[in-house]
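Today I opened a new model and kept notes as I looked things up.

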Amino acid sequence: MNKAMNYETKITEIRKDFPILNSEYIYFDNAATTQRPNQVIDAVEKFYKESNANPLRGLYDWSVDATEKYEHARKTVANFIGAKDSREIIFTRNTTESLNLLAYSYGLDNVNEGDEIVVSILEHHSNLLPWQMVAKKKKAKLVFLEIDENGVISEAEYKSKITNKTKIVAIGHVSNVLGVTNPVKNICKYAHENGAVVVIDGAQAAPHMKVDVTEIDADFYAFSGHKLMAPMGIGVLYGKFSLLEKMNPFLTGGEMIEYVTRENATYAEIPHKFEAGTVNAAGAVGLEAAIRYVESVGFDFIEEHERRLTTRLMEGLKKLGYVKIFGSKDQSKHCGIVTFIVEGVHPHDTASILNEDKVCIRAGHHCAQPLMQFIGEGSTARASVYFYNTEEEVDRFLESVSKVREVMGYGA
Ligand SMILES: Cc1ncc(COP(=O)(O)O)c(C=O)c1O
């Protein structure tokens, strides 16, 4: 079997694991959420059928089993992102909750009047609004890293904006609009030299590339399970032990305490200090299954295949001659995300016309309105692929896009 055949066979086999893909729909909204393989669905079902009880509370077998599965998932997540200690992994609902936890538990206690918080113009609202809140409450200044025409934050840019006034740098690993990967490792190094901590929003990175928080030297790293084939409602916050240990809890209540009196409470050790209330154990079990699945496919394959799909998609759009693509001209810099406009057509019309052909893409501001203002558009269309998508699907997508202007009355 030659390499191309091996490749095709692998995709065909992978697609059999995803019941929802066995349909006429083409799903190109993977940056919003991914589809789930049977392995994840089965793991969640098995948990509810065989181990369901409130974890971390009961002394009976089912509860102990649920607790063990939940904590095992934590270890798997730690290994997946290169954390040294599984206590550095906090389960949250999603990236948004992880970043809010940081803003409330780290930001409000460590940022003071006159300090600066550095964010980038690329940020998803989830990594902007929490820092706007901290800046407003603490009378600190939000400083923006700008991008060049390729969506890149230059070394000169971050070196001019990160100073000894900077307390926090909050930066996305991969942009959900332009697909560009930010130089997070270099930013961490420079921020640390200036005494700042770095919060990385990894929502669009962790599902698509090997992330090693220790190698990056990230202080905090957040991502969502549902963008990585896990159930909705399970997210991750990684934090360095030394930082998490000193932080106050975000939410208080059951499960996060050591001892409670009428007036006071002492808190549990990390990570439980940050996991108040009944936890999403089935979600964590599903996330573990999703990680196992990603690992079985392998990031080498995932990255290569996504590059292949993105190249075909971008080249096809460019050939049409009336499609504006945002971000880098270099396909390899898009991390599976292509944001575009069919000239003269509102992106919502483009998405609706594609939907008639059963092609699912996103249209809107992508929860990144400051970036939209920067690129001068209120709304764009976005196609985002994952490793289970195929070249045939890209071709059907392109065929559908090629009809958009005609449907809108521009003539053939
Ligand atoms: C870069 C980025 N950050 C944060 C989020 C928020 O993720 P969630 O809605 O899972 O909290 C998203 C979701 O699209 C994203 O793309």
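**Ground rules.** I am working with a predicted model, where local features need pLDDT of at least 70, side-chain atom pairs count only at pLDDT 80 or more, and totals for chains, interfaces and linings use all residues. Residues are numbered from 1 along each chain as its sequence is written, and side-chain values use heavy atoms, with hydrogens and water left out.

**Entry 1: helix 2 and helix 10.** I learned that two packed helices are described by the angle between their axes and the distance between the axes. I looked up helix 2 (residues 38–51) and helix 10 (residues 281–297), whose axes come within 8 Å and cross at roughly 150 degrees. Helices here are DSSP runs (H or I, at least four residues), numbered from the N terminus. Axes are lines fitted to C-alpha atoms over the stretch in contact, and angles run from 0 to 180 degrees between N-to-C directions. Helix 2 and helix 10 are therefore roughly antiparallel (angles over 145 degrees count as that, and under 35 as roughly parallel). Among the residues that meet are Val 40 and Phe 47 in helix 2 and Val 285 and Tyr 293 in helix 10; contact means heavy atoms within 4.5 Å.

**Entry 2: helix 4 and helix 5.** The axes of helix 4 (residues 95–110) and helix 5 (residues 129–138) come within 9 Å and cross at roughly 20 degrees. Helix 4 and helix 5 are therefore roughly parallel to each other. The contact includes Leu 99 and Tyr 104 of helix 4, with Trp 131 and Lys 137 of helix 5. The residues of this contact divide into nine nonpolar, two polar and two charged.

**Entry 3: helix 11 and helix 14.** Helix 11 (residues 299–320) and helix 14 (residues 391–407) pack at about 20 degrees, with axes 10 Å apart. This pair is therefore roughly parallel too. Arg 308 and Arg 312 of helix 11 and Glu 391 and Asp 395 of helix 14 are among the contact residues. I noted eight nonpolar, two polar and four charged residues here.

**Entry 4: the ligand.** How many residues surround the ligand? I found 13, and the closest are Thr 96, Asp 201, Gln 204, Ser 224 and Lys 227. A ligand oxygen is 2.5 Å from an N or O atom in the side chain of Thr 96. For the side chain of His 124, the distance from a ligand oxygen to an N or O atom is 3.4 Å.

Key:
Helices (H or I, at least four residues) and strands (E, at least two) are DSSP runs, numbered from the N terminus. Angles under 35 degrees count as roughly parallel, over 145 as roughly antiparallel, 65 to 115 as roughly perpendicular and the rest as oblique. Ala, Val, Leu, Ile, Met, Phe, Trp, Tyr, Cys and Pro count as nonpolar, Asp, Glu, Lys and Arg as charged, and the others, Gly among them, as polar. A residue is near a molecule or strand if one of its heavy atoms lies within 4 Å of it. A polar contact is a pair of N or O atoms within 3.5 Å; within protein, one must be able to donate a hydrogen and the other to accept it, and residues adjacent in sequence count only if both atoms are side-chain atoms.
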